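Here is a short report for a reader new to this structure. Take a look at the model before reading on.

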Amino acid sequence: MVSPLYLIAMLLGAAFLHPLIQNRSKLAGQLVVLVVLGATVAIPLQWLMALDIATMQTVVFQTAGFTAPLSINLQVGVEESLFLVIINGGALFSALYFFRRRTREWEGSVQILLMTLVLGVNGLVLGRDLFNLFVFMEISSLSLYALVATTKTANSYEAGIKLMVAGGIASALFLIGVVFLYRMTGTLNLDDMIANKQLLDNKAGITALFLITASLLIELKPFPANGWGADVYQAADPGVSALTSGTSATAIFFVLYKITPLFGFELLQVVAASGGITFIFSQLLAYKQDSVRRMLGYSSIGQIGLLILVVALGSLYGEAFTTTMFGGIFLLVLLLGGNHLFSKAGLFWMSGITGQHSLGTMRQSKTVRLGPVGAALQGILTSALAGFPPFPAFWAKWIVITALLAFGSYWWASIILIGSLIEAAYLFKWFLNAVKSPVDPGTVHDEVIPEDFPEEPVKEPMAGASPAGIVARIARQSSGGWIAPFMATAVLVACGMLLATMFILRGRISGYRDMVLLLPLAVLVLWTVFDVIRVPFKLQIGLAIICSAGYGLVFLPGLDGIRLVFGLIFIAGSAVQMVPLLNRRGHHRGLAGMLLALVFSLGNLLFASSALEFFFSWELMTITSFFLVVRGRQASGAALRYLVFSLGGAFSILAGLFFGSSPLAALLLGIGFLVKMGTLGLHIWLPGAYAETDDDMSTFFSSVTSKAGLFMLFLLAGLFVQEAIPAGFAAGTRLESLLSGIAFTDLLGWLGVVTAFAGAFLALFKEDIKYTLAYSSMGQVGYMLLSFALMSQLGWMNSLYLAVTHLMFKGMLFVAISGVVYRTKTRLMYQMGGLITRMPITFFTVLIGIIAVSGVPPLTGFGAKWMLYTALIEKGWYLQAALAMFASGIAFLYLFRLIHVIFLGQLKDEHRTVTEAPIWMLIPQVVGIAGIMLYSMYPSLLLKPLEAAVAPFFETTISWDGYTVLSTLGYWNGTAVMYVTMGVFLVPLLWLLIVQRKNTQKVGQFNIVYAAERPYRPETTHFGYNFFAPYEKALGFLHKPLATRFWYRVVSVAEVAGSMVRKLYTGNIQTYALWIVIYTSILLSILQRGM
Amino acid sequence: MTHIVLALGFLLVCIGFWGLMTRKEVFRLIISFSLLDTGVHVIMVGIGYVRTGTAPIFDEALAVAGAVGKVVDPVPSALVLTAIVIGLAVTALMLSFAIRLHASRGSLAVDDMKELKW
């Protein structure tokens, strides 16, 4: 084993010799730094190989021939080695960043300071002597102070002075604490002190410990004593900020971790409170920031707060953490710390490379758009920081939340989840801002009706913002440095893959089936390779289709019942709907891989056998679908909303998983699933996400992914039959008799029918065809929920029947409409018309589609309606039945408008040369039509398997007579209905064609003309514009975006809180110092009250 | 005697804090900071002192055996020496920052340091 002294000697020696080498050759000087820093990573790796990891072995090195109390002693253990690997690795990448990027400022002094900083932090990690820790802390702090000032701006000096004053107060506290501890224990050695812990178990001892703890906490920038920290992040070079947030803070945190064994119960509670408060408030503050670097700074402060919270809670609730898995708290700290170090440093470097200072409001687009590589790096780093799978923070958060909920510590769990949600919101806001297209205002959540006369383009106020100027700026700014974020990303991805393999397989590999959950990750890697070696996009999609089919053939036969039904929806449905993508030209990096990963994660919901496996797949589905929505031209606003709602839902599910089968579990899980389905109130993400996605992608969201929530409802149906109000609530009052007996299914039923109504109603008034379809999907999902909530054989059958047929007809409709939009280049219905002659096949698809949706005979929708009303009446839900009936009527109106406005009426002049949709778009339509016709003609083909799937859960209420279904209320023969309807349709048609042939007159398109005046808004003269104005007049009050307004309120509460809190940070150095004093006094007084 | 030293140390720390809170110029802040630091050093020496103890030098007057009870603990003094050196470095760096700040902004008034906030 290499002695750790060499580590320190090497760094110190290199720092001293550096000026000499630098004088001879600049390159040699830089290479020395890289080699030395490389060695600081290699040495701990060598220790790891020499140490026994299973027992967490430690070895103590003495110096100068003395033993522990007298010598400086350094401890090398598994914990120290692992932390040094990540800390020094971060420093090495930082050096690469400077090395590649800043040839002018990457001077000798910076290189020396970097090495002394690394020396200091290595000492902090290895040292076991309190006073040595102080010395190492000062070495690293002094290096950092000087590094902050290397930008050589007034702001950086200002930030440096603020940092030094705060650091000075912290070290004064530390010194006094150390001397008192020495006085009481007679030693400075940490191990001796821990052995004689009882000596400190009095007021003076706890106070002395408190002084040291407070000093470390202040160094780690606790709320509210951290304004100076944020100022430093804002003013310093991003490379230095990366070092501050990663290398330095992580090492100081490790010192805190080291001394926690000395802490008593009260001190741990105080530390936990400080960490938790810092976490949540930093996230609020970051949310309100305009400066990217300050935002990242607050995020760093928050993440370190989370680490502190976890360590303190881990010591408080030791058993809950250690029993969950190997390594206990240490593993958590390592995962969270390492994840934060690399992802945050990577993001700081990205901000430096792109030169993006100001976030800007999402409205004004003065951003530099990232290229595909930059977008991929930032996307991965952001996902890692936000804790998405498979990155380390995901597993750490899972363990933390599991342990906290197991221990009944609900408050801490909710603080961590809420803080994480806010963090994801602002991080992804930044990401979207950096990747969105220049035409995207970032606020599109609803249809946009263009003005007749477009506004004059607003002149950019910034000088030098001409396209040429921007290009030059990007060229200058991104002159390298990419290697650092790339390395950080690579480390995170590699660790993520490793952890996923560890956690998911847990050592059992009995066959290929165990690997199924890891398939999405493998897909992402493989398709990234395809992108790198430039495999043509069509080939990528073709492979994806083949892989989906293969997945279906290999894995689905093992399933039965409801799982099989949803398996076919998820896998077969997706495979067919990938075909239109073959129509695309050019490169679409990441699209095919993300899509296939999404399909596989959806499929994996079927195979998840534990809560972790389920949650892993669910989160993978969330993040992959988010990256698909992002690709839309104006989708950034909608994508953000989608992400925040999905993640909020996922967190609700995560919490719900740990409440067994209580009403609370049903509530939390239900909310999570309903968010995914987009039921009323939780739907405000839905229209934007469905409609603003690329036209050929919308169909996946609408017809496939929305079913994931429904599937989970089916899977956990048992939860929802219980009473919603726990027994004993409002006991003895009239309220009790009123509320008792209301089951969750009753609520779900009402929610379903109201959603069906609202979806149809909102679709009615849309001019934008994709929004019409999006709201229509929402309404259809409402019917599925209503049928599910019936909890009867017929209800469940209908819900599944709807899920399958909705996949077909909504898939058909979306693909058909995407063909129309592809050809006409518009989504606004009033700009179309008369396309029946130009796109006859598409017209036929839409015709079949809307007949199937609306529930008129003879197509599948009729069967759904028949079953729905039968089941509703059997159950006695008459009111719901009436409302559902009314909603179907409304649905018919918007469907009628859809076909009427687009395909009938006058052909627009600019659409005169439009041709039929491309063949790739027609294929899924034909498949859909075939499916619909087959199931309409022979419903039993679908109903009998569904009956079998539902059979284990309910007693049978229907019977069969050949192809006829018999229920308690009547019968339905699909074939007969088809014949009758055909007859009813054909007889008048033939009569018109043959008998009335002579009386018809063909009208030319232009035998109606408008008066000479040009209307101000031409669309107002189109019959399709504002088609249902009379209804809007009558029922418009229902149209108000109440849910949207509610969620805006929620957001504005968070924003107001953030704005109020940030007023604490006046920028005044003395205010900051005062906050440090107040912070310390408050902690001390809490501590003393505790004693 | 120890008490007086300790009291003096705490007094210096308080004066330092008071200066840090009330003075409006960076140079005075640095002086206050030095005072605070010195106060901390005095406290450290005060804590290490043992009444009627002798200097921890082994010679005819002080045998190795039983020395622990008779001598003043040398460790705090050693710590203070290190701390003084470090304090000096911090003060020097602060002063250099102050000079640079004055050169680039033309003012050392605390109230002019308002660019970084919120």
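## Helix 8 and helix 11 of chain A

In this predicted model, helix 8 of chain A and helix 11 of chain A make a right-handed crossing. Helix 8 covers residues 203–219 and helix 11 covers residues 265–287. The two pack at an angle of about 20°, and their axes are 11 Å apart. Angles under 35 degrees count as roughly parallel, so helix 8 of chain A is roughly parallel to helix 11 of chain A.

Which residues of the two helices meet? Helix 8 of chain A brings Ile206(A), Leu209(A), Phe210(A), Thr213(A) and Leu217(A). Helix 11 of chain A answers with Leu267(A), Val271(A) and Ser274(A). By class, this contact of helix 8 with helix 11 has six nonpolar residues, two polar ones and no charged ones.

## Helix 9 and helix 12 of chain A

Next comes another helix pair. Helix 9 of chain A spans residues 227–235, and helix 12 of chain A spans residues 292–316. Their axes come within 8 Å and cross at roughly 135°. That angle makes helix 9 of chain A oblique to helix 12 of chain A. The crossing is right-handed.

From helix 9 of chain A, the contact uses Gly229(A), Ala230(A), Tyr233(A) and Gln234(A). From helix 12 of chain A come Arg293(A), Arg294(A), Leu296(A), Gly297(A), Tyr298(A), Ser300(A) and Ile301(A). Sorted by class, the contact of helix 9 with helix 12 of chain A holds five nonpolar, four polar and two charged residues.

## A sheet in chain A

Chain A also has an open sheet of three strands. The order is 3-4-5, and the pairing is antiparallel. Strand 3 (959–961) and strand 5 (971–973) of chain A are the edge strands, and each pairs on one side only. On average, neighbouring strands of this sheet are turned by 25° against each other, direction ignored.

Strand 4 of chain A holds residues 964–966. Three bridges join strand 4 to strand 5 of chain A in the antiparallel sense. Across from Val965(A) stands Trp972(A), in strand 5 of chain A.

## Where chain B touches chain A

How many residues does each chain bring to the contact? Chain B gives 34 residues and chain A gives 36 residues. On the side of chain B, the elements that give two or more residues are helix 1 (2–22), helix 2 (26–48) and helix 3 (74–105). Helix 3 of chain B gives the most, with 16 residues.

The side of chain B that touches chain A divides into 26 nonpolar, two polar and six charged residues.

Note on methods
Residues are numbered from 1 along each chain as its sequence is written. Chains are lettered from A and ligands numbered from 1 in the order in which they are written. This is a predicted model: local features need pLDDT of at least 70, side-chain atom pairs count only at pLDDT 80 or more; totals for chains, interfaces and linings use all residues. Two residues are in contact if their C-beta atoms, placed from the backbone, lie within 7 Å. Helices (H or I, at least four residues) and strands (E, at least two) are DSSP runs, numbered from the N terminus. Ala, Val, Leu, Ile, Met, Phe, Trp, Tyr, Cys and Pro count as nonpolar, Asp, Glu, Lys and Arg as charged, and the others, Gly among them, as polar. Two strands pair if DSSP finds at least two bridges between them. Axes are lines fitted to C-alpha atoms, for helices over the stretch in contact, and angles run from 0 to 180 degrees between N-to-C directions. Angles under 35 degrees count as roughly parallel, over 145 as roughly antiparallel, 65 to 115 as roughly perpendicular and the rest as oblique. A crossing is left-handed if the near helix is turned anticlockwise from the far one by less than a right angle, and right-handed if clockwise.
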